[in-house]
Amino acid sequence: MAHFPKLNLMLALLLLTALLPPTAVTAARPIALPATPLPPVNPLAQPLEIRADALGLPLSDHAAARPYAKPAVLLPQGSAIHFEATIDQAGHYTIAFDMTALDTFISAPEGQLWLDGALAAADTQRILFPVFYQNRETQFPLDRYGNEALIRQEQSLLWRKTAVRDANFSQPYPLTFYLSAGEHRFEFRQTQESMLLGSIYLEPFAPYPTYSAYRQAHQGTPDAVGVLLVLEAEYPTYKNDTAIRPINSRNLEVTPYDTHRLLLNTLGGESWERSGSAVYYAFTVPADGLYTITLRALQNGRSNFTVFRRLTINNEVPFAELNAVPFAYATSWQDVTLGGGTPYKIFLRQGVNVLGLEATSAPYETAVRKIQKVLLDINTLALEVKRLTGNQVDPYKEWVISEYIPDIQERLLAIADDLRTDLDVLVAINGSGRSPEILAYQMAIDNILSLAAEPDKLPIRLKRFSEGSGSAAQLLGDLLPSLQSQPLTLDKLFIHAADTPPPPPKVSFLTSLLEALKRFFYSFRPNPYQSTTAQAGELSVWVNRPRQYVDLMQRLADERFTPASGVSVKFSIMPDESKLILANAAGIQPDVALGVSTNIPYELAIRNALYDLRTFPDFDSAIHIYSPGALLSYIINDSVYAIPETQDFWVTFYRQDIMNSLSIPIPQTWREVIEILPELQRYGMNYNTPLSSGSGVKGYLLTAPYLFNHGAELYSADGFATGLGSDEAITAIKFMTESFTIYGMPLTTSSFYDSFRYGSLPIGVSNFETYLKLLTAAPELNGLWEIDLYPATVLPDGAQYRYATGSAQAGLMFASTDQPDEGWEFMKWWMSTATQVDFQQQLILGYGLEYLWNSANVEAFAYSPIPQAHKEVILAQWEWLQEPVKLPGSYMQERELSNAWNRIVFDGVNPRIAIDTAVITINREITRKMEEFGYLQDGVVIKAFNAPTIDTVKAWMEEAHEGD
């Protein structure tokens with residue numbers, strides 16, 4: 001054993017694992033939650049019901065309306081209904097709708113509620129209605145390696161009485177509206193998607209009863225006896241968020257369990273963290289009675305932090321204590337019995353009941369609102385300081401800022417006092433001051449207190465207050481999504497009688513040791529998902545993506561492509577895309593590769609490693625699904641060696657709230673961008689460009705659009721020299737550099753997404769990555785931002801160009817394949833509109849909107865579940881998509897263009913000198929590479945090189961269309 005120190009270490013770890021304590025049996029810890037101000041209750045107020053047949057609209061005969069026992073009407077997107085209600089008793093009321101969503105994929109129906117000619121409340125600007133999803137099958141399907149895969153999801157047309165709530169689902173109760181006695185006129189506008197609407201209810205607000213009042217109301221109900229129902233959490237009956245998904249746990253205490261196979265045996269984790277996301281379980285009890293509920297749960301994702309779930313029975317919160325059930329941080333599974341040492345006894349009727357568990361951040365809502373208020377106060381004070389100082393930071397200049405803002409110290413202390421109050425609340429909820437959230441809170445308070453001690457130094461200490469990493473504003477801004485995130489993992493739910501507690505998991509020491517040993521030795525087996533060896537007759541496809549993508553691709557191919565074509569496909573996770581050239585040299589390359597970065601196909605093709613896809617007779621007709629400019633970097637002469645698979649976009653992002661408050665119009669051209677810069681910079685803001693966000697090397701993706709939009713050509717007509725020496729190219733490069741040297745655009749932006757959120761860069765150009773983050777990870781900005789087209793360059797003749805790059809990933813076929821026809825059929829099937837739409841839907845239904853698929857197939861992208869206005873902007877911008885053409889030596893032009901920008905901007909070199917130097921270097925390298933690849937010999941052209949253009953690709957498409 002002395003020769004195997006690693007084995008000794010592993011065995012020691014196995015013994016340690018075997019000795020870990022078993023699952024703890026605990027109770028939901030009682031927490032003194034912050035008191036929520038509630039509106040007064042009028043006991044004389046009476047509920048009202050407005051039936052659908054009183055709305056003056058045609059009643060719907062849609063099949064989804066049949067399960068509903070009352071009349072229903074169809075509300076398509078853009079429609080509106082009006083109704084009146086006479087209130088006998090003034091008071092606070094809630095409003096609820098009987099509804100079901102219709103034929104939607106992922107976007108929830110949305111609406112607005114107006115009362116007496118104005119928005120009923122600020123939160124009724126955007127009312128979200130649920131869409132429910134259910135499993136198509138009752139058991140997890142197995143992939144080809146015997147591991148469980150996600151079940152396909154489908155929409156469930158469930159009718160639900162849905163109360164009007166805030167769009168973030170962060171408040172403990174539905175929205176309330178004060179209605180005076182008399183007649184009121186309501187208007188509901190359907191702003192997104194469509195739904196069936198039944199009755200509308202106006203009900204007097206009433207808080208949930210306490211548990212003691214609830215028990216009093218069920219005093220005569222008998223306790224259940226001898227009942228123990230076990231529900232596996234990974235099989236919810238339905239859910240309202242596709243992101244919530246089953247996950248695998250290797251813990252022996254979790255069931256089902258298998259040593260070798262991956263079983264989806266728990267639910268949630270990080271996929272179940274969004275407030276308002278809920279799962280529902282239907283179960284049957286044998287008799288009316290009082291039951292106890294225990295949840296086997298794990299909250300190990302947020303250290304020293306408490307998360308919450310709202311529990312409903314048959315769509316109602318039984319009593320106040322279940323409106324926010326706490327789950328504290330733990331490193332092992334906990335059996336959480338609701339009610340603790342004296343378990344809650346919950347009434348269930350005989351037959352089917354539905355238990356709902358909804359993530360809720362309501363206990364943190366007061367802290368969230370306080371942080372939002374404080375951030376506004378910080379930004380307001382910082383802007384006042386910047387107006388006075390002209391945003392000029394001179395560490396040697398002394399300011400007596402208190403003479404201009406006399407109450408500055410009081411305002412800083414008031415901000416700190418506001419935060420201290422909520423800090424005490426957070427400590428009370430979490431029972432510890434050691435969580436990262438509380439530490440960040442305290443650091444923000446300390447920053448503000450230190451500034452309050454010397455307020456006159458605020459102008460030179462704004463980086464501690466409102467700007468940059470570690471500032472109070474950034475610490476608090478980062479804290480917001482942390483407080484709103486509520487991750488929890490479930491293994492089982494137990495519905496049981498008080499006299500029949502769930503059995504604790506029993507895993508003996510010997511079992512733990514044996515399982516650990518088996519897993520240790522099994523770990524030496526090769527991972528089948530990374531095995532690159534296909535069986536005889538199988539098409540080998542390498543994919544440069546994580547396993548969840550590859551699993552779904554394999555399943556789709558096995559279900560759809562193989563039965564239709566007879567071609568079996570073996571997908572493998574690509575070991576390293578940078579080694580595809582080496583794999584080709586070693587003869588171990590696949591037939592087809594997907595997810596390949598856009599810069600790689602040309603390097604392989606120029607070395608004759610790739611199959612010319614244009615040799616297939618139907619190639620020209622197959623590419624109509626792409627933007628013509630997306631293919632340019634994969635063309636050599638008249639041959640095409642790859643096809644786009646995913647596609648990026650560059651558009652203008654802007655904060656509506658900030659731009660409107662400053663009365664700054666959204667620029668449509670670069671000239672207009674220059675015009676708004678002084679006003680932005682006066683308030684310490686700026687305009688982001690892709691060049692600001694890039695690293696030290698400015699690649700073609702960032703620099704080429706400037707050349708395209710000024711009418712410059714990258715290369716000479718024959719491709720044997722650079723085009724950077726033209727007047728158009730020089731004008732483009734001068735503008736590209738003067739944007740920073742003269743107009744003061746930011747040279748570097750560490751994160752446009754963060755700067756956009758905090759308001760320091762309220763407008764700028766960015767791409768799909770920023771879009772996805774704003775869409776899924778910035779709930780505080782919902783409704784506050786929009787996108788527009790890339791700014792146009794206006795040429796002297798009045799022509800306007802908006803060209804931008806958009807390459808992301810590509811698919812290609814290796815020249816050595818012995819199945820070219822099968823490979824091409826597969827590539828066509830994979831990029832077909834039907835397959836791309838299906839893949840996108842299953843990806844999002846299985847993993848959530850965070851997995852939005854930016855397909856290069858523009859027809860498929862049109863089905864993306866994003867706002868229609870955003871989709872129209874992106875598709876319009878893709879009409880201007882143009883990739884830089886590649887040719888032997890083009891890498892040197894990309895490099896030298898970046899070097900020229902750096903020399904002009906940072907070293908102050910004259911643009912003409914920098915460009916002339918670059919032209920000499922580029923032409924020398926192009927000549928050398930053209931000779932290497934047989935186009936030149938001793939400077940003489942021996943083989944023509946045809947540089948493609950967008951018009952070249954358009955001509956191919958048009959000829960194919962005419963041929964059809």
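A salt bridge is a side-chain nitrogen of Lys or Arg within 4 Å of a carboxyl oxygen of Asp or Glu. The exercises below use a predicted model, in which local features need pLDDT of at least 70, side-chain atom pairs count only at pLDDT 80 or more, and totals for chains, interfaces and linings use all residues. Residues are numbered from 1 along each chain as its sequence is written, and side-chain values use heavy atoms, with hydrogens and water left out.

**Exercise 1. Salt bridges across the chain**

Find out which parts of the chain are tied together by the salt bridge of Asp618 and Lys828.

Step 1. Start with the pair itself: the side chains of Asp618 and Lys828 meet with N and O 2.4 Å apart.

Step 2. Now place both ends. Asp618 sits in the loop between helix H11 (600-605) and helix H12 (619-622), and Lys828 belongs to helix H20 (residues 820-831), so the bridge ties together parts that are 210 residues apart in sequence. Helices here are DSSP runs (H or I, at least four residues), strands are DSSP runs too (E, at least two), and both are numbered from the N terminus.

Step 3. Asp618 is partly exposed at 24% relative accessible area, and Lys828 is partly exposed, with a value of 24%. For the cut-offs, buried means under 20%, exposed means over 50%, and partly exposed is in between (1.4 Å probe, protein chains only).

Step 4. Lys161 forms a salt bridge with Glu203, and their closest N and O atoms are 2.7 Å apart. This one links distant parts of the chain as well: Lys161 is in strand E11 (residues 160-163) and Glu203 in strand E14 (residues 195-204), 42 residues apart.

**Exercise 2. Two helix pairs**

Decide how H24 and H25 run relative to each other, then do likewise for H5 and H7.

Step 1. The axes of H24 and H25 (residues 911-932) come within 9 Å and cross at roughly 165 degrees. Axes are lines fitted to C-alpha atoms, for helices over the stretch in contact, with angles from 0 to 180 degrees between N-to-C directions.

Step 2. H24 and H25 are therefore roughly antiparallel. The scale: under 35 degrees is roughly parallel, over 145 roughly antiparallel, 65 to 115 roughly perpendicular and the rest oblique.

Step 3. Look at who meets whom. Among the contact residues are Tyr891, Met892 and Ala900 in H24, and Pro911, Ala914 and Ile922 in H25. Contact means heavy atoms within 4.5 Å.

Step 4. Over to H5 (residues 436-453) and H7 (residues 472-484), whose axes come within 9 Å and cross at roughly 155 degrees. That makes H5 roughly antiparallel to H7.

Step 5. In this contact, H5 brings residues including Ala440, Tyr441 and Met443, while H7 brings residues including Leu475, Leu476 and Leu479.

**Exercise 3. A covered helix and a buried Met**

Say how many residues of helix H16 are buried, and which residues Met827 touches.

Step 1. H16 (residues 700-709) is mostly covered, with nine of its 10 residues buried. Tyr700, Leu702 and Phe708 are among them.

Step 2. The cover includes helix H14 (670-682), helix H17 (727-741) and helix H24 (890-907). Just after H16, Gly711 takes a positive phi of about 80 degrees.

Step 3. Next, Met827, which is placed in helix H20. Met827 is buried, at 2% relative accessible area.

Step 4. Leaving out residues up to four places away in sequence, Met827 touches Val592, Leu613, Ile643, Gly811, Leu812 and Met813. The C-alpha atoms of Met827 and Met813 are separated by 8.8 Å, and the two residues are 14 apart along the chain.
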